[in-house]
Structures are given as structure tokens and as C-alpha cells.
Amino acid sequence: MSARTRGRSFGREASHQILAGGSAGLLEICLMHPLDVVKTRFQIQRGSIDPNNYKNLRDSFLKIYHKERLFGFYKGILPPILVETPKRAVKFFTFEQYKILLGYVSLSPGLTFAIAGLGSGLTEAIVVNPFEVVKVGLQANQDTFAQQPSTLGYARHIIKTKGLGLQGLNKGLTATLGRHGIFNMVYFGFYFNVKNIIPLNKDPTLEFGRKFGIGLLSGIMASIINVPFDVAKSRIQGPQPVPGEIKYITCFKTITTIYQEEGYFALYKGLLPKIMRLGPECWRT
């Protein structure tokens, strides 16, 4: 097969996966966004002293519905919708490109997948971070949906008051790099290695179960490992404890502060809704 033919084949495959994955991703966002709102609310609350403390998953859903009604679960939904297809394009394309580059180095297949995943996650993080800043800010707002600023209005406010840099539309970038880089490294590294070990099944139902099971286990492992970076990201991008005073600035300092003030388990806030969101994503792998 010529290089030109391989290029066209890769292009068609990439376009198909991006378009199909993007369409499925939009549906997934619409269905699972309430869990993302709850995850963010858990991550930004500072223990039982927080006046808006949620005791558990059920309590969080009841309180949000009681105070903010149904639309409260869909705050901040526009940024992830807007970035879904570009994010998948970057993730798929860079993962393949990093694999090609790593082919020139003598590495085991498992390590190649993990490093390529790390690279794709870091690249993906740069694309999604501004959208995450806007999304987290809107999700943290506990006013009713009608009182909340629009997505565009809130983005303009951030740019006008803080700019485009690491204190403005790109704040929390290091935490986002850690979250996406580690997740993709663990996910792709584990998924493709285990997938190659467990044999294919001729039965379509069993084959779907095999891929779904491997994807789900990969996602759970990656989520457990990367969730401290997710918590740090939410604290940096969300409202600060004292208005006008910036407490959470850098990723590792934020992680250290949370550990010292709230304990080890505070770094795993929002893990349950985070894992619950994995289901629809696993069958798209």
C-alpha cells in the first residue's frame, strides 16, 4: 500500500471516528451533565463547615433541585458541547501521531500506548482548559438558572477582568494538564494492553461486553489516579473561599493545602459521580 493510500485511509478513519464519536459525545453530555454539576459542587465544597455542604449524592440532587430546579443540573453545559468535537479530533489525531513518533524509539507496545496517551492528554488539556474555566464557574453559581449570566457573558467578564492568561481564561492549566495527561496515560496504556491479551469473541454481544468491560475498568483506574488533579482544578477555577483573596493558585500547592486542611479523602471528592459518568464513554472506545 502506498503512502498516499495509507494517508487517505487514515484520514477517512480519523474523520469517521471524530464525527461518530462527536455525535455520541454530544448525547453523552446531555445525559450525564447533571453528574458533572454534582461532581464540581462536591469538589469545591470545603468540608462540613461549608454552608452549602452536600452530605451525599442523593442529598446533592435534592438540594440542587429544591433551590435551582431542573435547569440547575444543566448549568455550564454549553462549553463542553462546543468543545466536544474539537477535543475528540485533537485527542484522536495526536494519539496516533505520538504513536508514530514513538515507533522510532525502541519501546514496548504497552509503554508506547501509555506515553502516546500522556502526550494526547496534555495536548487535549490545552484545548479544553478555557472551556473548563467557564464551565466550572457557571456550575459553581447557585443562583437560579434565569439569574445566572450567559456562557458568552461570563466568558467576556473573565477576559475583561482577568485577561486570557493563567489568572484569567487559562487559570488552572497545570491542574488540567495533570488531569487529562494522567487519565489518558493510564486509560490508553491499560486499555490497549489488556485488550490485546484478552482474545476477540466472535459473538457480537460478548465482544461488546469484552470491550465495554475493559473500557470501564480502564476508566475507573484512570479516574482514581487522576481525581486529585480534578479536585485541584475545580478549586482553582471555582470561587475562592474569601472573595477577592486568591487561596488556590497552583496545582501542587492546592493539592497540598487541601490535604493539610481537609485530609486525604478530600482529594477524592466527586469520585463517585465521576465514575458514574464513565459508562457511556466506555462503549465509544
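Start with a definition: a residue is buried under 20% relative accessible area, exposed over 50%, and partly exposed in between (1.4 Å probe, protein chains only). This is a predicted model, in which local features need pLDDT of at least 70 and side-chain atom pairs count only at pLDDT 80 or more, while totals for chains, interfaces and linings use all residues. Residues are numbered from 1 along each chain as its sequence is written, and side-chain values use heavy atoms, with hydrogens and water left out.

Select Ile100 in helix 3, which covers residues 78-102. Helices (H or I, at least four residues) and strands (E, at least two) are DSSP runs, numbered from the N terminus. Ile100 is partly exposed because its relative accessibility is 48%.

Move to Leu101, also found in helix 3. Leu101 has a relative accessible area of 53%, so it counts as exposed.

Now select Ile100, Leu101, Tyr104 and Val105 together; they make a nonpolar surface patch of about 460 Å². Patches take residues with over 30% relative accessible area and no salt bridge, joining like charges within 9 Å and nonpolar side chains (Val, Leu, Ile, Met, Phe, Trp, Tyr) within 5 Å. A salt bridge is a side-chain nitrogen of Lys or Arg within 4 Å of a carboxyl oxygen of Asp or Glu. Accessible areas come from the Shrake-Rupley method with a 1.4 Å probe; for residues, only the protein chains shown count as cover.

Next come the rings. How many aromatic pairs does a search of the whole structure find? The search finds 15. Rings of Phe, Tyr and Trp (its six-membered ring) pair if their centres lie within 6.5 Å; planes under 30 degrees apart count as stacked, over 60 as edge-to-face and the rest as tilted.

Select Phe95 and Phe113, a stacked pair with centres 6.4 Å apart and 20° between the planes. Phe95 lies in helix 3 and Phe113 in helix 4 (residues 109-140), so the pair ties together parts 18 residues apart in sequence. Both residues, Phe95 and Phe113, are buried.

Last, select Arg69 and Tyr65. The charged end of Arg69 sits over the Tyr65 ring, 4.4 Å from its centre. This requires NZ of Lys or CZ of Arg within 6 Å of the ring centre and within 35 degrees of the ring normal.
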